[in-house]
Amino acid sequence: MSQKTWGGRFSGDTDARVEAFTESISIDKRLYRHDIIASQAHARMLAEVGLLAPEEADRIAATLDEIGAEIEAGKMEYRIALEDIHTHIERALIARLGDVGRKLHTARSRNDQVITDVKLWVRDAIDDLDGLLADVQKSFIGSAEREEGVMLPGYTHLQRAQPVLAAHYFLAYVEKFQRDRERLADCRKRVNVLPLGTAALAGSSLPIDRESVRAKLGFDSVARNSLDVSSDRDFLIEFVFDLSMIAIHLSGWAEEWVIWSTTEFNFLELPDAFCTGSSIMPHKKNPDVLELTRGKAGRVIGSLQQLLILVKGLPLAYNRDLQEDKWSLFDAFDTVAGCLSVAAPLVAQTKLRREVIAGRLEDGFLDATTLMEFFIAHGVPMRSAHEAVGRLVKKCEEGRTRLADLPTAAFEEACPGSGDRIRSVLGVANAVAAFKSYGSTAPSEVERQLREWKSRIEG
Ligand code: ARG
C-alpha cells in the first residue's frame, strides 16, 4: 500500500517525477509554526467535544511543541514524498504517538488547514509590516523636523511649479504610508475570519465546535460558508495588492531621490553607507539602494498579477492550482519588508543640500501662481489674472530676469493701485508665507500637521 496520507485507495507508488512536480514543502515549510498552533487548537477542541480524550489532546499538543522545536533547530528531514509541511508534521506526530496521532486530522482537511495556516501567517505579516511602515514614517517625520524651515521647489510634470516647505514634502510620504497602514488594517479584518472546521468543502458531520477554535486562535469571527472558504484566496490577493501599493509608494520616492541625487539636481547628500561605488570609475557614488527599491516594485506587482491570474476561472471549491499562491505571497512580503527595512535608515541619514537648493530657488517662477492669486484677491477675474502673469513671465524670460526684479509699475497694468504691496508675494519666501488654505504648505499649517504627526506616531 502507498505511504501517502491518502494511500488507502491507491495500489502502486506515486511516480517520483510527480512527487517532485506536486511538492510544496520547499515553500510552505515556513508555515510550520502556524500549522502547529492551529493543530493544537484543533486538538483541544476535539477533546472538548469528546472526539479525543483530554489526555490524548494533551499528548498531541505537547508532541507538536516538540516537533516545532525540532523544526526550529533544523532537525526535521524534509521529503518531497510527503508533499507539504502539513503532512510532514502530521507524520512526525504519528511516528511518535501512533493511533493517538492518527486522530488529529479528525474533521479537518488540508484545504481548511492550509488556509488557516496562511491566514495566521498573513496576520503576523500584517503586524510586522505595520511596525516597519511606522519606522519609515518616523524617519520622514524626523526629516520634516530637521529641515522644517527649508523651502523646496515643488514639481508637476517634473517642471518647477510652486514652492513647498521641506516639512510639507516629507509629510506627503507620511500620508501615503499611513494609507498603506490603514489598508493593511482593513485587510486584516477579512484575514481574521476562521476557516478551520469547513473541512474539505462541505463541513463535517462530526460535532465540532468552531467557535471554540476561533477563540483559541484569536480570530474575530467564524467563516460562514464552507464552499466559499475552500476556494477563497481573496484575502491573500488583497494583502499582496496592499504590498504592491507600498512598493509603488517606495518606488516613486526612490525614483525622485535618484533624480535628486544627480549632479544636475544635487539636492541630496545620501549617506555613504547606503550607496555603492564603481569598479572602474573612482569618483562614483551610486544610489543602488534606491534603484533596487524601484526595481523590486516590479517583482511585487508581478506577484499580484500572478495571483489574479491564478484564481481567475477556478470553479468551486478547492483546486490544486491554489498551492501556487505561496511563492508570490512570500516573495512579495519578503521584498517589501526588505525595502522598508533599508528605507527607514536611508531616509533618516539623508540630508538636504540646503545651500544648493537655496542658490537656485528663485529660478523657475515658483512665485508666479501666488502673484496671480494676489491679482485675484484684488478683484481681477481669474482668467485675466492668469493671462497677465503669463505675459509678465514671458517678459522676464525675454529679459532673463525674475518676477521680483520687475519694477512695481510693471504690475500696475494688470492690477491698478497694487503699488508696493505687490512685493509681499514676490520671491519664493514671500510666496510660501502667503499660503493660507487647510492642507497647504502654509508655514502655520505645516507646523500644526508636523506636531500632530509627532504626537500620533510617538504617542
Ligand atoms: N500542498 C497543498 C497546498 O499547499 C495541500 C492541499 C492539498 N489538498 C488537496 N486536496 N490535495 O495547497
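Student: At what angle do helix H7 and helix H17 pack, and how far apart are their axes?

Tutor: Two packed helices are described by the angle between their axes and by the distance between those axes. In this predicted model, H7 (residues 166-191) and H17 (residues 443-458) pack at about 40 degrees, and their axes are 10 Å apart. The two helices are therefore oblique to each other. H7 passes H17 in a left-handed crossing.

Student: Which residues make that contact?

Tutor: H7 contributes Ala 167, His 168, Leu 171 and Val 174, while H17 contributes Val 446, Gln 449, Leu 450 and Trp 453. By class, six residues of the contact of H7 with H17 are nonpolar, two are polar and none is charged.

Student: How should I read the pair H3 and H6, and at what angle do their axes cross?

Tutor: The axes of H3 and H6 cross at roughly 115 degrees and come within 9 Å. H3 passes H6 in a right-handed crossing. On H3 the contact is made by His 34, Asp 35, Ile 37 and Ala 38, and on H6 by Gln 113, Thr 116, Asp 117, Leu 120 and Trp 121. The contact of H3 with H6 has four nonpolar, three polar and two charged residues.

Student: Which domains does the assignment give?

Tutor: The domain assignment of the protein gives domain 1 (15-106), domain 2 (111-359) and domain 3 (368-458). The centres of domain 1 and domain 2, taken over C-alpha atoms, are separated by 31 Å.

Student: How many residues of domain 1 and domain 2 are in contact?

Tutor: The size of an interface is often given as the accessible area lost when the parts come together. Here the description is by residues: 18 of domain 1 are in contact with 20 of domain 2. On the side of domain 1 that touches domain 2, helix H2 (25-28) and helix H3 (32-48) each supply at least two residues. H3 gives the largest share of that side, nine residues. The residues of that side divide into eight nonpolar, five polar and five charged.

Definitions and conventions
Residues numbered from 1 in each chain as written. Predicted model: local features only at pLDDT ≥ 70, side-chain atom pairs only at ≥ 80, totals over all residues. Axes fitted to C-alpha atoms, helices over the stretch in contact; angles between N-to-C directions. Helix = DSSP H or I, 4+ residues; strand = E, 2+ residues; numbered from the N terminus. Parallel < 35°, antiparallel > 145°, perpendicular 65-115°, else oblique. Left-handed = near helix turned anticlockwise from the far one by under 90°. Contact = placed C-beta atoms within 7 Å. Nonpolar A, V, L, I, M, F, W, Y, C, P; charged D, E, K, R; others polar. Domains from an automatic or database assignment.
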